[in-house]
Structure formats: C-alpha cells, structure tokens
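Below is a brief report on selected strands and helices. Have the viewer open while reading.

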Amino acid sequence: MRTTKEARKTSRQLLKLSLTDGKLDEHKVNQVVQSVLTEKPRHYGEVLKDYQRLLRLEIAKHHAVVESATALNSNLSDLLVTKLKARYGDDLTIEFKTNPTLLGGLRVKLGDDVWDGSVRNRLRTLQEQI
Amino acid sequence: MSTILEELETTIAGLKADTARSNVGTVREVGDGVAKLEGLSDAMLNEMLEFPGGLYGLALNLEEGEVGAILLGDYKEIKEGSEVRTTGRLLSVPVGKGLLGRVVNALGQPIDGKGPIKSDVSYPTEKIAPGIVKRRSVSVPVQTGILAIDAMIPIGRGQRELIIGDRATGKTTVAVDTIISQAKLNRAAEEGKIKHHTPLYCIYVAIGQKNMSVARTIDILEKAGAMPYTIVVSAPAAESATNQYIAPYAGAAIGEWFMDNGMDALIVYDDLTKHAAAYRQVSLVLKRPSGREAYPGDVFYLHSRLLERAARLSEKAGGGSLTALPIVETQAGDVSAYIPTNVISITDGQIYLETDLFYQGVRPAISVGISVSRVGSAAQIKAVKQVAGSTKLDLAQFRDLQAFAQFGSDVDPGTRKKLDRGQRVVELFKQIQSNPFLVEMEVVLLFAMQKGYFDDVPVDKVKDCQEKMADYFRTRKEDVLKAVLEKRAIDKDLDQQLQAAIKDFKSFYKPN
C-alpha cells in the first residue's frame, strides 16, 4: 500500500520531534510512539510505518558496516573503531562482517556512502579501464 | 618491440584503482522498466546508476529518501534488495562519422550486425540547447528535392519543420525522400559535379515503430545509396518505453556532434506522438501526477528541449547546423489535439499532409493552405524565389475558385485562366517516391509554369510533358542547367536561354 502524502508529512514531523541536537533520542522516540498510539490520528498505521522507515534510515546514518574477506584481528578492528569514531562522532555504532567474495581489503558502508577498498572492486575498476 | 613495451607501460601507469567513495542504495520495488530505490542520497538528476549485472538505469525522480529510475535494458535479473550505486556520469552515446551507414539503438550500440562502432567520442544525451549568442539566422536551404516543398514551403539549415498528417498520408516518405536527396547532393559534391555544397548528413530516429517499417525504410535508403550519409537510431515498438523515450535525445546528441564540428546535419524524429506516449507510460509508472490526456505536466518541455537543440551556429561557434524534421501523427485530421498543438507551436512551420488529397492521387499530399514555413524565402536560392514567388498565390486562388466553379460551368475568362493554371500546378507538384529533383531542374520546371508554357498542355499530359522536358534539359541543354546552378539567379541572359530552350522543346513535343 502506498503511503499517503499526509502520512509522510506527519512522519517527517515526528522524526524531527525525536531528535535532540540533531541526534536520535531514544526517550523521545518512545514518547512519540506512545502518544501516536494513544491519540490515534488519521492514517496512524501508515504514519507509524513511514516513521519506522525514517528511523531505520536515520539509524543507518550512524551505523558503519565494515566488511573484510577474513576476520580482522583485534588490533586492526580497534584501530578502525577509534578512527571512525574520531571522524563521525562517538555515537557511531560499528558492525564487523566477513565476506570472502571481497577477496581482500576492506569495504566500509556508512549510511548511503561506501568506501570500497576491496580487491574485488579494484579488479573491477581495472577491468573497466582496460 | 620497444615501442610496444613503452605504450604498455604508459597504459599501466595511467590505470587507477584507488579506493573511492561511492553512494549506494537498494532496490525497493522493480517493474515495467522502472525501479524505486532507497538511499542514494547523493544521486543527481539524469545520472546513470549501476545495477548488478552491468545494467544501467537513469535517475528521473529524486524524492526525500527515494529515487525513481528507469532501467536501460533487461531488468529481469534485478531483485528487491539489490545494491545500486551512483556513477557520477550522465547517459551518453558514441558520436562521430564512424556511425554513418550504421543502425544503432537508443544507447548508441550497433544493431545491424556490422561489428563494433569506431568512435572515441561520446556526447551526453541531455544537453542544453545553444543560446542566442551562438546562433545566427537560417539562410542556407535544405534541398528536399520535393518540388512542392522547395517552391512553397522552403526549409533552411537549422530550421525545425514539422511534418504532420493522419496515418498513411506519406509523412515518412517526405522525410525519407529528403534524406535521399541529401545523399544524392552529397555524392555529386564529392564527385565535383556541384560546387559550393556543404554535405548534409542525416539521422533518422525511429520511435515506437514496427520493426518491419524500420527495416523497409533502411531498405529504401540502402537501395537509393543514401546509407553512407545516414545514421539510423531505432527504438521500435518491441523495445521498452524507456528506450523509446531516450532515442530522440540520443539522435540529437549524434547530430550535435556534426553541428559542433562545423558540419551540417538533418535529423528526422519519426514520430513524436509515439515518443510522447512512451514518456507518458514511464511517467505514469513513476507515479508522476498526470494532466490532460494522462500526459505528465512536462510533456511540452519534453519536446521543446529536444527541438531547441536544432540550430544554426554563428561563424564564431563553428558555423554548423542541425535541422530537425519532427513527424506527428494526427487522428482524423485533428490538429488541435494536445501533442500536435504543442509541436506546432514549438516548430518553425509545418507541412500538413491530407488524406483526401492522398486518395485523389495528389502525392505528396501537401495541403498548401495550412502548410507554412516561418523562415520563408530566406531559405531559398534567388532563382527559386524568382520563379516560385507567385506559385503559392496561384494555387491558393485556385483552391478558392475551385469551390465556386463547382456551382456553375460559366466562368469569366480570367477565372477560367486561374483555374486552368491551378490544375496544372497541382499536376506539376505530383511526384513519385524516392525521385528527388535537383534544384536546377526545379527552377526550369517552375520557370516553364510561371511563363505559361504548360498552359496549352492538356491537364492529364502535364506530367508527361514535364518528364520529357526534364529529359530534354538533362540530355540536350546541360549547359543551361549548369548556368542556372552557377548563377543561382535568373538574369536577362539566362531568361532568354531558358525561354529559347523551352520553346525548342515545345516545337517538337506532341502529347501522346
């Protein structure tokens, strides 16, 4: 079912209410959800669904996924955590994954941005150039 | 051997495989050649997006948290959740002389089985049209080789002339004949037979047509020897609506290369009604708000931005030109429908083809009354201006009087003379397919008509007389034809030569 324009507008307003200093506030999110469920405004089901989607995208902006061909040793992973947090703030959550198809190197995804330093990507870039 | 090694070394040195930031998103839904994508916060309008499996898409709708993209190819492998990344590039097609004689699809890939295209330059399909500073007025004619058009509705290089009419009235034929005429002139110029002729390269864009029709057109062009100067961009009805939507822009990009490099090109969009329908389909699937006849709000801009790319550039900007001949199909002669009125208002004139005339045997079935070229006689050589000036008036008067003459047989001699002349002009303008006239022959025929040399020929013998007169000039009066071409204007001396030659022909011509 397509979300109505009105529901999307409301969900965007709810997201704005859930932020403190531009960061997602868990307490405020709970308050927002509770008040929507008690007041039940028009299309509240759609509003909550779209609000959930916006929350997911907002959380993804502060969640980094680090992929490597083999598991990283603790030294390297700690270094990565320190460097990423220094650049993107302390509220950044980091998840480590292994993906053998990368062949080697690292691939870091943060929100919609990807830094792909994997061997697979480098080979593909070379292939495109040749 | 050492040079090969050096070349290899430079190639390897030029290769880069650094870690670069890219913007990604995921497919939320896909279908009907369109994908809805989540993420891609940095995507630009009209940017190419890379899907898994080497498939590309074009970002058309940028919304908060969502991107609507059209897919340029087989999208059956795309699944929900597939990763998509931005490329930072705009959709572009290969351009250059390497495309001449080839048939390509909307992405500029060859579809004629003649191997890869030799081209190292590519142009973006969407480009802003040249501004007013870079342009100059239209003054060089496009010799269509169709007598009625060259005499009454002249087309200039850089002009946009619409060909409009119902189905099966000969719209494509007019366009194809124009292409054939250009090929003949180009070849004659290459062989040194005509001077002061800048070659005019042609691009034929087939949108939403039957494959059979496209194959037939290519066959006609090949048989007439026009393919070496022509590029065919084909997005037939079997292709997706997205490819049909892109095809005219790809064709325009190919034409712009000729224009930017100081050459002249002519582009035929066959036809824009189907292009608008393809765009309507894409827009509806993208869930854009629809307006009149369910077309989206920007359907005018769709065609205006395309046709504005036709231009004649100033000497400073290279002096090239791109002439556009868009084709629009009407339903039951209704020119006031949405797309026809839009395109009429954008173009610099229209050639209106009528079903009634077509079935009366007047072919090309050009309706003189409502066909117009806003560039006018600026796009005619002086000789044609001198002999064709009164023809349109003669024909218009004939059409008026024809209606009156039907009510009574008794008409005064002046009116009778006008009716007789009109009937003969109509006959003279009848022309068989793929048989363009050279400009000097057009001048001779129009001169003979203006001076009344056809007046004593029975109406049903005008065509026969015209053919024999043309033969006579081609075989026995080549010097007069040459003089017309060289002088490009009829002076006293040439007038006498022409009159003497026609009188000589008339002295032995007997209608059989």
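## Terms and model

Strands here are DSSP runs of E at least two residues long, numbered from the N terminus. Two strands pair if DSSP finds at least two bridges between them. The model is predicted.

## Strand pairing in chain A

Start with the hairpin. Strands β5(A) and β6(A) form it, with 2 residues between them. A:Gly111 sits in the turn and has a positive phi of about 65°. The two strands run antiparallel and are joined by 4 bridges. Strand β6(A) spans residues 113–116. Across this pairing, A:Arg107 stands opposite A:Asp116.

Strand β5(A), residues 106–110, also pairs with β3(A), residues 63–68. That pairing is antiparallel too, over 5 bridges. Here A:Val66 stands opposite A:Val108.

## The sheet in chain B

In chain B, 8 strands form an open sheet with mixed pairing. The order is β8-β12-β11-β13-β14-β10-β15-β16. The edge strands are β8(B), residues 103–104, and β16(B), residues 372–373, each pairing on one side only.

B:Gly349 has B:Ser373 as its bridge partner.

Helix α4(B), residues 211–223, lies across β8(B), β11(B) and β12(B). Its direction makes an angle of about 175° with β12(B).

How do α3(B) and α4(B) cross? Their axes come within 10 Å and cross at roughly 30°. Angles under 35 degrees count as roughly parallel, and the two helices are therefore roughly parallel to each other. The crossing is right-handed. From α3(B), B:Thr172, B:Val176, B:Ile179 and B:Ile180 meet B:Thr217, B:Ile220 and B:Leu221 of α4(B).

## Helix α15 of chain B

Which residues of α15(B) are buried? They are B:Val480, B:Leu481, B:Ala483 and B:Val484, in a helix that covers residues 478–487. Because these residues cover an arc of only 160° around the axis, they lie on the same side of α15(B). An α-helix has 3.6 residues a turn, so residues three or four places apart point the same way.

The face turned away from the buried side carries the exposed residues B:Lys482 and B:Glu486. Cover for the buried residues of α15(B) includes α13(B), α14(B) and α16(B). Just after the helix, B:Arg488 takes a positive phi of about 60°.

Technical notes:
Residues numbered from 1 in each chain as written. Chains lettered and ligands numbered in written order. Predicted model: local features only at pLDDT ≥ 70, side-chain atom pairs only at ≥ 80, totals over all residues. Heavy atoms only, no water. Contact = heavy atoms within 4.5 Å. Axes fitted to C-alpha atoms, helices over the stretch in contact; angles between N-to-C directions. Buried < 20%, exposed > 50% of the residue type's maximum accessible area, 1.4 Å probe, protein only. Arc of directions from axis to C-beta. Parallel < 35°, antiparallel > 145°, perpendicular 65-115°, else oblique. Left-handed = near helix turned anticlockwise from the far one by under 90°.
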